[in-house]
Amino acid sequence: MQQQFEDKLHRFDLGYQIEKFGETHPEAAEAITDTLGVGLQIGLAAVTEGGSELPELAVAASRVGEIAGVLGKTKDFVTIAVTETEEGVNVVSSSETALRPAVQAMLKEGEVGATGAGHAEVTGVNAAREMGLTPTGVAASRPVCPSCAAFLRQAGVRILSPLKY
Ligand SMILES: [Zn+2]
């Protein structure tokens, strides 16, 4: 089941890579998209629907949505990230320097809040490491931007929620 999820994420990544490639090589990218387009659409749809199909892997993604829910309208421009660690502790961070009191109040046992400037995903991974934890995956409440995606891949941390295109 995990493998299945990773395959889907991989296909998801591929769409992003083709798009980046298309910025410099539009004709070649078009040919690739023509060839792969149908499969890619199916892959993307599967990722979107993956939540209910893959409960254990969707935990961080659903938790991050739950936490971001307390942000009200600001959830459209403030990102919350949940960073899972090998140690079983989840680090909750935000794209703001500190967690809002409403978010802080949402934290339950096994979750720790993190502070720091910059994107929520990077803040979460860095904070986890500073706490002596080993980050394994990150889910964010808004689509993961290309620079965070690159950072997470570089860090060997799995991206557990959709990427921004
Ligand atoms: Zn980012």
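Two residues are taken to be in contact if their C-beta atoms, placed from the backbone, lie within 7 Å. Helices (H or I, at least four residues) and strands (E, at least two) are DSSP runs, numbered from the N terminus. The structure is a predicted model, in which local features need pLDDT of at least 70 and side-chain atom pairs count only at pLDDT 80 or more, whereas totals for chains, interfaces and linings use all residues. Residues are numbered from 1 along each chain as its sequence is written.

The predictor's confidence in each residue is given as pLDDT, from 0 to 100. The protein averages a pLDDT of 80, and 65% of the residues score at least 70. Over residues 31-53 pLDDT stays under 50, and for this stretch the model has 21 contacts beyond four places in sequence. Where pLDDT is low, the predicted coordinates should not be read in detail.

The protein has six helices and five strands, which follow the pattern α-α-α-β-β-α-β-α-β-α-β along the sequence. Of the contacts with a separation of 6 or more, 49% are made by residues 24 or more positions apart. A residue is counted as buried if 20 or more other C-beta atoms lie within 10 Å of its own, as exposed if 12 or fewer do, and as partly exposed in between, with C-beta atoms placed from the backbone. Buried residues make up 30% of the 165 residues in the protein.

The five strands form an open sheet in the order E3-E2-E1-E4-E5, with mixed pairing. Strand E3 (111-113) and strand E5 (158-159) stand at the edges with a single partner strand each, so one side of each has no neighbour in the sheet. Two strands are said to pair if DSSP finds at least two bridges between them. E1 and E2 run antiparallel and are joined by five bridges, with Ile80 opposite Ser94 in E2. These two strands form a hairpin with four residues between them, and Gly88 in the turn has a positive phi of about 95°. E1 also pairs with E4 in the antiparallel sense over five bridges, and here Glu84 stands opposite Gly137 in E4. The pairing of E4 with E5 is parallel, over two bridges, and Val138 stands opposite Ile159 in E5.

Six of the six residues of E1 are buried, so this strand is largely enclosed by the rest of the structure. In a regular strand the side chains alternate between the two faces of the sheet. In E1, Ile80, Val82 and Glu84 point one way, while Ala81, Thr83 and Thr85 point the other way.

Helix H3 (residues 59-68) lies across strand E1 (80-85), strand E2 (90-94) and E4, and runs at about 145° to E1; axes are lines fitted to C-alpha atoms, for helices over the stretch in contact, and angles run from 0 to 180 degrees between N-to-C directions. The buried residues of H3 are Ala60, Ala61, Arg63, Val64, Ile67 and Ala68. Seen down the helix axis, they fall within an arc of 165°, so they line one face of H3; the arc is that of the directions from the helix axis to the C-beta atoms.

H5 is mostly covered, with eight of its eleven residues buried. Among these are Ala120, Glu121, Gly124 and Val125. The cover over the buried residues of H5 includes E1, E2, E4 and H6.

A nonpolar core is a set of buried Ala, Val, Leu, Ile, Met, Phe, Trp, Tyr and Cys residues joined through C-beta atoms within 7 Å. The largest such core has 27 residues, and those with the most contacts inside it are Val64, Ile80, Ala81, Val92, Val138, Ala139 and Ala140. Two or more residues are given to this core by each of H3, E1, E2, helix H5 (120-130), E4 and H6. Beyond its neighbours within four places in sequence, Val138 is in contact with residues including Ala81, Glu121, Val125, Leu152 and Ile159.

Two loop residues were also examined. Val144 lies in the loop between strand E4 (135-140) and helix H6 (146-154) and is buried, with 25 other C-beta atoms within 10 Å. Its contacts beyond four places in sequence include Glu121, Ala149 and Ile159. Leu107, in the loop between helix H4 (101-104) and E3, counts as partly exposed, with 14 C-beta neighbours inside 10 Å. Beyond four places in sequence, Leu107 is in contact with Val92 and Gly113.
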